[in-house]
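Open the model in your viewer and keep the selection tool ready. Each stop below tells you what to pick next and what is there.

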Amino acid sequence: MIVNLIFAAAKILGGLIGNAYVLIADGIESALDVAGSLVIWGGLKFAARPPDETHPYGHGKAEPIAAVIVAFGVLAAALGLAIESIREIRTPHHGPAPFTLGILIVVIAVKETLFRYVNRIGRNVKSTAVQTDAWHHRSDALTSAAAFIGISVALIGGKGWESADDWAALFACGVIAANGVRLLQPALFEIMDAAPRGEVVHRVRHAAAAVPGVIEVEKSFVRKMGLSFYVDLHVRVNERITVREGHDIAHEVKRAIQQTDARIADVLVHIEPADS
């Protein structure tokens with residue numbers, strides 16, 4: 001957030017002084033990233049609250065909801081900046097100043113570094129919201145790269161090419177909108193309890209099948225709730241064992257599954273008799 005605040009101020013000020021609307025648009029996008037990061041942070045804090053009487057499964061849904069809010073904010077910003085870019089293209093103005101290129105070089109380098117760092121954290125903890133925040137940095141790097149190209153064309157082309165940076169801003173809006181759609185999809189999937197991607201489902205079935213007494217894993221459902229996973233599965237056991245033995249097997253299945261991943265908060269095991 002601190003980096004985005006500094007960059008937003010530098011880009012907007014540089015754009016105003018250097019007659020580069022694409023830099024102003026880029027600065028506005030950085031300012032929106034600050035608001036997005038605040039929403040993500042608030043969503044993660046709320047999602048981390050323990051279960052209570054009214055939320056027995058915890059508050060994990062706050063995390064993808066925060067991601068959805070930020071994604072819609074990105075889409076709204078792209079639309080607003082696109083409208084302003086078109087207005088600037090149709091309005092005669094002075095060409096951009098050369099010093100604006102220096103600002104963009106620094107922004108591209110720092111933003112790409114931040115994207116790689118935050119995205120790695122998001123993947124490690126399987127957080128949709130954190131990965132959404134990471135892609136804000138990549139979006140900023142891409143829009144800054146587009147701005148660099150646009151301003152360079154305007155400077156090299158000279159008279160008659162003053163609007164090149166505005167066309168670059170319009171292109172940047174398309175990149176921002178595409179990232180908004182990219183961020184929105186996984187958040188909506190999570191809210192709708194879509195099966196998580198990756199190896200977690202396979203590990204759950206493998207761990208359950210390896211427990212002594214389990215003849216077959218009939219059904220296995222995994223859903224993501226914030227930073228945690230909840231598992232429901234049906235396992236078949238010998239129909240002649242006692243209720244106590246079936247109960248013990250269910251507990252062993254739960255323990256085995258939770259040992260595969262610390263993020264699995266709970267496992268509900270339904271015991272069914274296997275055919276003789």
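Start with the lining of the second largest pocket: 11 nonpolar, 3 polar and 1 charged residues. Here Ala, Val, Leu, Ile, Met, Phe, Trp, Tyr, Cys and Pro count as nonpolar, Asp, Glu, Lys and Arg as charged, and the others, Gly among them, as polar. The volume of this second largest pocket is about 300 Å³. Select Met1, Ser37, Val118, Asp133 and His137, the closest to its centre of the 15 residues that line it. Then colour H1, H2, H4 and H5, each of which supplies at least two residues of this lining. Helices (H or I, at least four residues) and strands (E, at least two) are DSSP runs, numbered from the N terminus.

What counts as a pocket or a cavity? On a 1 Å grid over the protein atoms alone, a cavity is a set of points where a 1.4 Å probe fits but cannot get out, and a pocket is an open set with protein on both sides within 12 Å along at least five of seven lines; lining residues have an atom within 4 Å of a point. Grid points are joined across faces, edges and corners, and a volume is the space filled by probe spheres set on the points.

A note on what you are viewing: this is a predicted model, where local features need pLDDT of at least 70, side-chain atom pairs count only at pLDDT 80 or more, and totals for chains, interfaces and linings use all residues. Residues are numbered from 1 along each chain as its sequence is written, and side-chain values use heavy atoms, with hydrogens and water left out.

**Next stop: the largest pocket**

Select Thr128, Gln131, Pro186, Glu190 and Arg197. Among the 21 lining residues of the largest pocket, these lie nearest its centre. About 680 Å³ of space lies in this pocket. H4, H5 and H6 each supply at least two lining residues. Which helix gives the largest share of the lining? H6 does, with 6 residues. By class, the lining of the largest pocket has 8 nonpolar, 7 polar and 6 charged residues.

**Next stop: the cavity**

How many cavities of 30 Å³ or more does a search of the whole structure find? The search finds 1. The largest cavity has a volume of about 50 Å³. Select Ala25, Asp26, Ala169, Ala172 and Ile176, which lie nearest its centre among its 10 lining residues. Helix H2 (21-47) and helix H6 (164-191) are the elements that give two or more residues to this lining. The lining of the largest cavity divides into 7 nonpolar, 1 polar and 2 charged residues.

**Next stop: H1 against H4**

Show helix H1 (residues 2-17) and helix H4 (residues 99-125). Their axes come within 10 Å and cross at roughly 160 degrees. That makes H1 roughly antiparallel to H4. Axes are lines fitted to C-alpha atoms, for helices over the stretch in contact, and angles run from 0 to 180 degrees between N-to-C directions. Angles under 35 degrees count as roughly parallel, over 145 as roughly antiparallel, 65 to 115 as roughly perpendicular and the rest as oblique.

H1 passes H4 in a left-handed crossing. A crossing is left-handed if the near helix is turned anticlockwise from the far one by less than a right angle, and right-handed if clockwise. Now show side chains. Val3, Phe7 and Ile17 are among the H1 residues in the contact, and Phe99, Ile103 and Leu114 are among those in H4. Contact means heavy atoms within 4.5 Å. The H1 and H4 contact has 10 nonpolar, 3 polar and 2 charged residues.

**Next stop: H3 against H5**

Select helix H3 (residues 62-89) and helix H5 (residues 128-157). They pack at an angle of about 25 degrees, with their axes 8 Å apart. That makes H3 roughly parallel to H5. Their crossing is left-handed. Glu63, Ala67, Val70 and Val74 of H3 make the contact with Thr128, Ala129, Val130, Thr132 and His136 of H5.

Stay on H5 and pick Arg138, which is found in this helix. Which residues does Arg138 touch, not counting residues up to four places away in sequence? Glu112 and Phe115.

**Last stop: H7 against H8**

Show helix H7 (residues 200-209) and helix H8 (residues 243-260). They pack at an angle of about 140 degrees, with their axes 8 Å apart. That makes H7 oblique to H8. H7 passes H8 in a right-handed crossing. Select Arg203, Val204, Ala207 and Ala208 in H7, which meet Val253, Ala256, Ile257 and Thr260 in H8.
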